[in-house]
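Here are some worked exercises to go through with the model open beside you. Try each task before reading its solution.

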Amino acid sequence: MQVTIYTDGAARGNPNGPGGYGTVLIYTDGKGVCHRREYSGGFKKTTNNRMELLAAIVGLEALIRPCQVDLYSDSQYLVKAFNEHWIEGWIRKGWKRNKKEPVKNVDLWKRLLAAKEPHDVTFHWVKGHAGHPENERCDTLAVQAAEGDHLPEDPGLSLG
């Protein structure tokens, strides 16, 4: 099954500080019907980077069987989860920036690796907010999910 996931880790609140997350899954079932599922974390007292990771994790963990996944996010932080050097060194081997500073968010990095393991995931970093259509769609869908504005499924988003 082909699934498209749009996430935003600061879909509510200050984009430069603590916020919530919104995650939207869009897929077409075996009968050709387009479906949309929304997940929201509301406000959490944590960092924006953790929200970005949680938004992706929630979307991937919602998938019961292995899928082909296109994951869209505007998070530079999330790019690291799809970089083999980062995964091997910082996450699996636990490299540190210096001897006193632990690697941040290792719990979520490992949870994300486990969540994406059974799937064929292609990560799409939708850079910036300068009118990039996929970034606009990512932000719009994720904010709607986070704010609970559940709109009717959009058959125009069918993955065919």
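**Exercise 1. Find the strand that holds D8, then work out whether D8 is buried or exposed.**

Step 1. D8 is part of strand β1, residues 2-8; strands here are DSSP runs of E with at least two residues, helices are runs of H or I with at least four, and both are numbered from the N terminus. A quick word on the ground rules: this is a predicted model, so local features need pLDDT of at least 70 and side-chain atom pairs count only at pLDDT 80 or more, while totals for chains, interfaces and linings use all residues. Residues are numbered from 1 along each chain as its sequence is written, and side-chain values use heavy atoms, with hydrogens and water left out.

Step 2. The relative accessible area of D8 is 8%, so D8 is buried. The cut-offs are under 20% for buried, over 50% for exposed and partly exposed in between, with a 1.4 Å probe and protein chains only.

Step 3. Now look at the neighbours: leaving out residues up to four places away in sequence, D8 touches G20, Y21, G22, E52, A55, D74, D139 and A142. Contact means heavy atoms within 4.5 Å. One of these neighbours, G22, is also the bridge partner of D8 in β2.

**Exercise 2. Work out the strand order of the open sheet.**

Step 1. Start with β1 and β2, which pair in the antiparallel sense over 6 bridges. Two strands count as paired if DSSP finds at least two bridges between them.

Step 2. Go on to β3 (residues 34-40), which pairs with β2, also antiparallel, over 7 bridges.

Step 3. Next come β4 and β5, a parallel pair with 6 bridges, where Q68 sits opposite D120.

Step 4. Put together, the order is β3-β2-β1-β4-β5, an open sheet of 5 strands with mixed pairing. β3 and β5 are the edge strands, each pairing on one side only. From one strand to the next, the twist averages 20°.

**Exercise 3. Why can β2 be called largely enclosed?**

Step 1. Sort its side chains by direction: G22, V24, I26 and T28 point one way, T23, L25 and Y27 the other, and all are buried.

Step 2. That is 7 of the 7 residues of β2, so the rest of the structure largely encloses this strand.

**Exercise 4. Describe helix α1 and what it packs on.**

Step 1. α1 is mostly covered, with 10 of its 14 residues buried; among them are M51, L53, L54 and I57.

Step 2. α1 packs on the sheet and touches β1, β2, β3, β4 and β5, its direction making about 155° with that of β1. Axes are lines fitted to C-alpha atoms, for helices over the stretch in contact, and angles run from 0 to 180 degrees between N-to-C directions.

**Exercise 5. Which element gives the most residues to the largest nonpolar core?**

Step 1. The largest core has 30 residues, and L60, L78 and L112 have the most contacts inside it. A nonpolar core is a set of buried Ala, Val, Leu, Ile, Met, Phe, Trp, Tyr and Cys residues joined through side-chain atoms within 4.5 Å.

Step 2. α1 gives the most to this core, 8 residues.

Step 3. A second, separate core has 9 residues, including Y6 and L141.
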